[in-house]
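Please look over the model shown here before reading on. The paragraphs below go through it piece by piece, starting from a single residue and moving out to whole chains.

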Amino acid sequence: MEHYTSIIIFSVLSLLMIAAAIAAVTSSKIMRATTYLLFVLFGTAGLYFSMFYTFLGATQITVYAGGIVVLFVFVILLIGKGSIDVTHTSKLRYMAGVLASMSGLAITLYIIKTTHFIADKLDPNGVSMRTLGKTIMGTDKYNFVLTFEVLSILLLACMVGAILIARKK
Amino acid sequence: MELAIYILALPLLSFLILGLVGKNLSHKVAGILGTLSLMVCTVIAYSVAVTYFGAGRSEDGLFPTLMPYNYTWLPLGGNLSIDMGVLIDPISVMMLVVITTVSLMVHIYSLGYMKGEKGFQRYYAFLSLFTFSMLGLVVATNIFQMYVFWELVGVSSYLLIGFYYTKPAAIAASKKAFIVTRFADLFFLIGILIYGYYTQDFSFTINESILLSASAVLPLALGLMFVGGAGKSAMFPLHIWLPDAMEGPTPVSALIHAATMVVAGVYLVARMFPLFVGYAPETLSMIAYVGAFTALYAAVVACVQTDIKRVLAFSTISQIAFMMVALGVCTSTDPHKGGLGYMASMFHLFTHAMFKGLLFLGAGAIIHAVHSNEKEHMGGLRKYMPITHITFLVACLAIAGIPPFSGFFSKDEILTACYDYSVIMGMFMSIVAALTAFYMFRLYYLIFWGKSLYEEQLNSYNSGIIKEKPHKPHEAPICMTAPLVILATITCFAGFIPFGEFISSNGHAYEIHLRTEVAISSILFAIAGIVIATIMYKSGESKLTKAINQSCKGFIKAAYRRFYMDELWMFITKKIIFNCISRPIAWFDKKVIDGSMDMLATITQRLADFVRPMQSGNIQSYSVWFLSGTLALVLILLYLM
Amino acid sequence: MIIPAEYYLVLSAVLFFIGVFGFFTRRNLVSLLISTELMLNAVDINFAVFNAYCYDHLEGYIFTLFGIGIAAAETAVAIAIIINVYRNMKTIHIKNLRELKD
């Protein structure tokens with residue numbers, strides 16, 4: 001029983017996530033869709049935890065759930081009545097969407113099934129904060145300080161851009 | 001000799017200036033500009049002639065053939081190339097003199113004749129263009145350059161015939177002239193191509209061995225070239241355009257359709273003469289027969305025409321046919337042994353240009369005075385237009401072949417050549433010469449003698465029958481009579497030029513000597529023609545005339561309608577060619593060729609209609625296409641792996 | 001027992017194509033953005049899984065981390081644009097948003 005706990009948790013989590021995702025893309029009320037998205041994001045954080053990436057899971061929750069979803073809610077409140085999604089105007093397009101995503105999914109699953117992954121490196125100890133900090137801020141090989149800096153500039157630019165676009169004339 | 005290039009450059013320059021900025025010039029300036037440039041051109045041509053003939057013969061007793069300019073214009077690969085240049089030899093120098101002289105006269109004359117006409121500058125521009133192309137034609141160093149200028153001449157002729165472009169008859173005439181000559185030029189071009197293909201050269205001077213190797217096709221090539229020449233020179237049955245070309249202004253008729261352009265065919269045959277004699281004597285005989293028939297046909301038709309310009313047009317056809325016959329009856333290049341015709345032809349070309357130009361200019365003066373082409377509106381004009389009368393008479397005597405006028409000498413040489421060829425040909429041409437005398441004097445009497453229409457009208461005006469005071473015929477202004485006088489003077493004395501000294505079939509000097517029996521018989525024939533004309537037409541149409549008219553009514557009617565040649569051509573083109581060839585081709589063009597093109601267009605359009613909605617601006621459809629594409633690529637990769 | 005990597009991959013593929021489906025069918029800018037977030041999230045999972053199961057170093061980890069950051073930035077800008085569009089056109093239904101086409 002002990003052995004199967006993680007698999008059961010994973011199954012429950014993934015079923016929940018799939019259901020929430022389907023609900024998120026089909027719900028006609030955007031507020032609800034956002035809520036379902038929030039579930040998916042939480043579920044993702046759970047997945048990160050299950051592979052022992054605790055810091056990543058925490059980031060997922062704070063940034064996604066705490067930041068992005070709040071932004072969504074914010075804009076929905078701002079827009080109000082316009083935010084109701086009159087879904088799926090034409091049957092044809094709906095069928096095309098279903099068909100395209102199903103066939104895409106089929107191909108992807110086929111590839112996953114036929115590919116053999118050498119996946120044996122999972123470390124139950126996770127990544128220590130020290131390692132993580134050194135990796136982000138280090139300048140050696142497999143360290144990412146440059147990426148970090150680029151990202152910070154990108155965030156700054158986005159911030160300025162967002163303010164500029166959304167500002168009232 | 002280097003000056004010769006200016007003879008070409010000046011008219012071209014004048015054409016460009018008048019054509020481009022002519023609209024901003026006043027009539028006077030434009031006219032004087034054109035005339036002055038041609039005057040300079042004439043002076044240069046004369047000086048070239050004087051220096052060329054003055055320099056004398058080279059050691060072998062020939063006048064040298066010079067090429068001061070010759071550039072490769074269009075290399076065709078292999079040894080074959082098309083050159084552009086200036087060729088100076090006796091006949092081209094002679095042609096330079098003739099063309100510049102007549103052209104200058106016409107330029108001066110037009111100052112008066114075209115005064116106040118709309119498009120005066122355009123007229124002078126076209127005249128310059130024509131002069132340029134004609135000069136380029138005669139100095140051509142090779143057959144292809146000749147062809148290029150040949151077509152240019154055709155174009156300028158077309159432009160000038162259609163000068164009065166508001167007149168439907170003029171438009172029709174210009175189209176007819178263009179199409180008929182162009183049709184003939186097609187054969188010319190084919191002839192040139194055959195010639196060029198087999199000899200690997202377009203030039204006139206080709207060495208013996210190459211010609212011998214190509215001798216099998218030379219008769220064909222030369223015959224085809226002659227068809228082109230026949231088109232331009234209005235030989236039967238391609239003559240139909242020339243009478244209609246008289247719709248153009250009269251000075252143009254004098255320049256293009258009497259003196260210069262229409263003799264291009266004769267010039268062509270003369271240019272290729274050594275080849276004709278050496279390699280295609282049968283073709284040459286054919287030319288003689290075609291020419292003889294044309295001469296007779298045109299002379300007969302000229303006897304009954306009522307429009308004075310038409311009479312002159314048919315007379316031109318007949319006289320050019322004389323030149324062709326003269327070339328055709330040559331059997332060798334030695335003027336003493338059957339090669340006399342070449343010299344005679346060139347001589348007649350020279351004298352004919354002068355007196356036929358004179359006749360046309362005179363006719364122009366008459367038309368200017370009475371405002372009509374029809375003989376009914378003329379008669380008794382000698383009192384009102386003395387200068388025109390005298391000069392016209394000189395020209396008539398010249399063309400009839402009365403000594404000492406120039407026409408006598410040249411025509412006499414032609415007849416001598418014909419008698420040398422065969423007695424029948426000689427007799428035949430003598431009869432045609434008599435006919436010439438007859439119709440020219442018929443014309444002369446109808447214009448200048450008989451009852452004056454003006455006097456009749458004046459009488460009826462005085463007795464109150466008609467209200468309008470008739471227009472009194474008047475002598476033309478000085479700038480029109482001066483050319484008449486100059487040309488008449490040339491006509492009087494040109495016969496005494498020792499022409500054989502300069503031009504003969506083998507290049508050696510040939511002394512012209514009149515053969516007594518031929519000279520006397522031709523004078524007698526001419527006088528007979530004149531006498532008959534005098535009896536019939538001197539005082540209006542006499543009883544005899546009416547009786548003759550009555551007795552052969554049908555024949556005269558047929559002759560008046562030019563023996564239905566135009567109708568025949570119309571039948572051939574409209575009924576046969578249009579129905580049997582053009583219509584199926586048009587059907588094929590419309591249905592098959594256009595159809596396939598249309599189908600292509602339709603398919604493209606349908607395809608576009610199908611593809612266009614994809615570009616909807618809708619990001620979702622774009623992403624659907626994007627995903628489909630990606631999946632397709634993935635599938636392809638999977639399949640490949 | 002360790003959860004096999006393929007499970008994660010299948011889950012992320014399913015999530016991704018649900019996002020694709022949403023992107024195709026939804027007619028509202030905010031909904032589209034939600035679908036995009038779903039797809040992005042699925043990709044993030046993939047990175048993390050591959051890094052956790054197949055690699056010694058932390059490329060995938062860092063990539064996911066930064067991916068989350070970029071998603072935040074992207075969402076901020078997108079929402080700014082949506083607000084601006086709404087302000088100008090009084091609608092965020094893409095049916096009515098065709099001006100960019102020309």
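This is a predicted model. C:F21 belongs to helix α1 of chain C, which covers residues 5–25. Is C:F21 buried or exposed? A residue counts as buried when 20 or more other C-beta atoms lie within 10 Å of its own. C:F21 has 25 other C-beta atoms within 10 Å, so C:F21 is buried. Within its own chain, C:F21 can also be placed relative to C:S35: the two are 14 residues apart in sequence, and their C-alpha atoms are 8.1 Å apart in space.

Read from the N terminus, the elements of chain C run α-α-α. Of the 102 residues in chain C, 56% are buried. Among contacts in chain C between residues at least 6 apart in sequence, 45% join residues at least 24 apart.

Chain A can be described in the same terms. It has six helices and zero strands, and its elements run α-α-α-α-α-α from the N terminus on. Buried residues account for 24% of the 169 residues in chain A. Among contacts in chain A between residues at least 6 apart in sequence, 49% join residues at least 24 apart.

Inside chain B, one pair of helices can be followed in detail. The axes of helix α3 (residues 90–113) and helix α4 (residues 120–138) of chain B come within 9 Å and cross at roughly 170°. Angles over 145 degrees count as roughly antiparallel, and α3(B) and α4(B) are therefore roughly antiparallel to each other. From α3(B), the residues that meet the other helix are B:S92, B:M95, B:L96, B:I99, B:S103, B:H107 and B:S110. Their partners in α4(B) are B:Y123, B:L127, B:T131, B:M134, B:L135 and B:V138. This contact of α3(B) with α4(B) has eight nonpolar, five polar and no charged residues. An α-helix has 3.6 residues a turn, so residues three or four places apart point the same way.

Further along chain B is helix α18, residues 423–448. At 1.5 Å a residue, its 26 residues should span 38 Å, and the end C-alpha atoms are 37 Å apart, which agrees. Because 21 of the 26 residues of α18(B) are buried, this helix is largely enclosed by the rest of the structure. Just after α18(B), B:G450 takes a positive phi of about 75°.

Conventions
Residues are numbered from 1 along each chain as its sequence is written. Chains are lettered from A and ligands numbered from 1 in the order in which they are written. This is a predicted model: local features need pLDDT of at least 70, side-chain atom pairs count only at pLDDT 80 or more; totals for chains, interfaces and linings use all residues. Helices (H or I, at least four residues) and strands (E, at least two) are DSSP runs, numbered from the N terminus. The expected span of a helix is 1.5 Å times one less than its number of residues. A residue is buried if 20 or more other C-beta atoms lie within 10 Å of its own, exposed if 12 or fewer, and partly exposed in between; C-beta atoms are placed from the backbone. Two residues are in contact if their C-beta atoms, placed from the backbone, lie within 7 Å. Axes are lines fitted to C-alpha atoms, for helices over the stretch in contact, and angles run from 0 to 180 degrees between N-to-C directions. Angles under 35 degrees count as roughly parallel, over 145 as roughly antiparallel, 65 to 115 as roughly perpendicular and the rest as oblique. Ala, Val, Leu, Ile, Met, Phe, Trp, Tyr, Cys and Pro count as nonpolar, Asp, Glu, Lys and Arg as charged, and the others, Gly among them, as polar.
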